[in-house]
Number of protein chains: 2
Amino acid sequence: MARAATTSDAFNAIAEPQRREILTLLRGGERPVTDLARDLGMTQPQASKHLRVLREVGLVRVRGAGKQRLYGLDARGLRPIHEWVGGFERFWSESFDRLDAYVQELKQERQEGPHDDDDQ
Amino acid sequence: MARAATTSDAFNAIAEPQRREILTLLRGGERPVTDLARDLGMTQPQASKHLRVLREVGLVRVRGAGKQRLYGLDARGLRPIHEWVGGFERFWSESFDRLDAYVQELKQERQEGPHDDDDQ
DNA sequence: TTGACGCATGCCAATATAGGCATATGATGT
DNA sequence: ACATCATATGCCTATATTGGCATGCGTCAA
């Protein structure tokens, strides 16, 4: 089987560099497709496709403005990601020496009584 | 052309749910492949492959321990992600009232000139 | 050396992209 | 209705994956 659909969640949506660039640009406010395409050096169809993915996972919203369609950021979907990654903060803040020490502790504990700990 | 290699960066590595689960499990300490595979309900080869990706982007490290190979978390690679996503924090923390107000505006406009906008 | 055990790899199949291009759809103005 | 500008889509190709299975490789014990 193939990879889970990109369209399925924000994690996948932001795995693509150009989509991240789009989101970054949109922090500056709403922009029409052509603008984004030009600024990011991609073709208009490409931009539209990426925007579609972003729209499907809810990271951007659209608004018709005359002939144009203005895309705007809706960052709420990024929050879960920030929280998930944040769950690892203490692991990258700890110096590696301490980390190794921590690892040793766990091994000890496991030998005394095998845990299964938290998943997710 | 196809999507950028998963193996290229942490963003892609954590786009895969099972790899996220592996990382989460590893917060509890080093574990051998078979352990992880069992706990996550996947085959051993599957686990090994995911671990390889995680190793290639530097999110886990390995250590030989007799017949086993213990995988341990190296969360440093998650920090850039946390920071990138954190750059959007102010956009999702803006009061919901303001956001809702904005949404109302959009609806108004739409009624004045019927669009079809977002689906999904 | 021979087995057994724990893992890593290779190979194949099915599928989801991303890119490039042409073209359909929509909205506007004349 | 028609021409035009702004986008969205469809189609095709090449490639990256993930899953399943069989198998190779390294380590340890007899």
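**How many salt bridges does a search of the whole structure find over all chains?**

The model examined here is a predicted one. Over all chains, the search finds 16 salt bridges. The exercises below treat some of them, together with the sheet and the helices.

**Exercise 1. Determine the strand order of the sheet in chain A and identify its edge strands.**

Step 1. Strands of a sheet pair through backbone hydrogen bonds, either parallel or antiparallel.

Step 2. In chain A, three strands make up an open sheet with the order β1-β3-β2, and their pairing is antiparallel.

Step 3. An edge strand pairs on one side only; in chain A this applies to β1 (31–32) and β2 (60–65).

Step 4. Two bridges link β1(A) to β3 (residues 68–73) of chain A. R31(A) has Y71(A) of β3(A) as its bridge partner.

Step 5. Helix α2 (residues 17–26) of chain A packs on this sheet and touches β1, β2 and β3 of chain A. The direction of the helix makes about 90° with that of β3(A).

**Exercise 2. Describe the salt bridge between E56(B) and R52(B), including the exposure of each residue.**

Step 1. Side chains of opposite charge can pair when their charged atoms come close.

Step 2. The side chains of E56(B) and R52(B) form a salt bridge with an N to O distance of 3.2 Å.

Step 3. Both residues lie in helix α4 of chain B; because they are four residues apart, about one helical turn separates E56(B) from R52(B).

Step 4. E56(B) has a relative accessible area of 43% and is partly exposed; R52(B), at 48%, is also partly exposed.

**Exercise 3. Is R31(A) buried or exposed?**

Step 1. Buried means under 20% relative accessible area.

Step 2. The relative accessibility of R31(A) is 17%, so R31(A) counts as buried.

Step 3. R31(A) forms a salt bridge with D35(A) at 3.2 Å, N to O. D35(A) is partly exposed at 23%.

Definitions and conventions: Residues numbered from 1 in each chain as written. Chains lettered and ligands numbered in written order. Predicted model: local features only at pLDDT ≥ 70, side-chain atom pairs only at ≥ 80, totals over all residues. Heavy atoms only, no water. Pairing = 2+ DSSP bridges. Contact = heavy atoms within 4.5 Å. Axes fitted to C-alpha atoms, helices over the stretch in contact; angles between N-to-C directions. Salt bridge = Lys/Arg side-chain N within 4 Å of Asp/Glu carboxyl O. Buried < 20%, exposed > 50% of the residue type's maximum accessible area, 1.4 Å probe, protein only.
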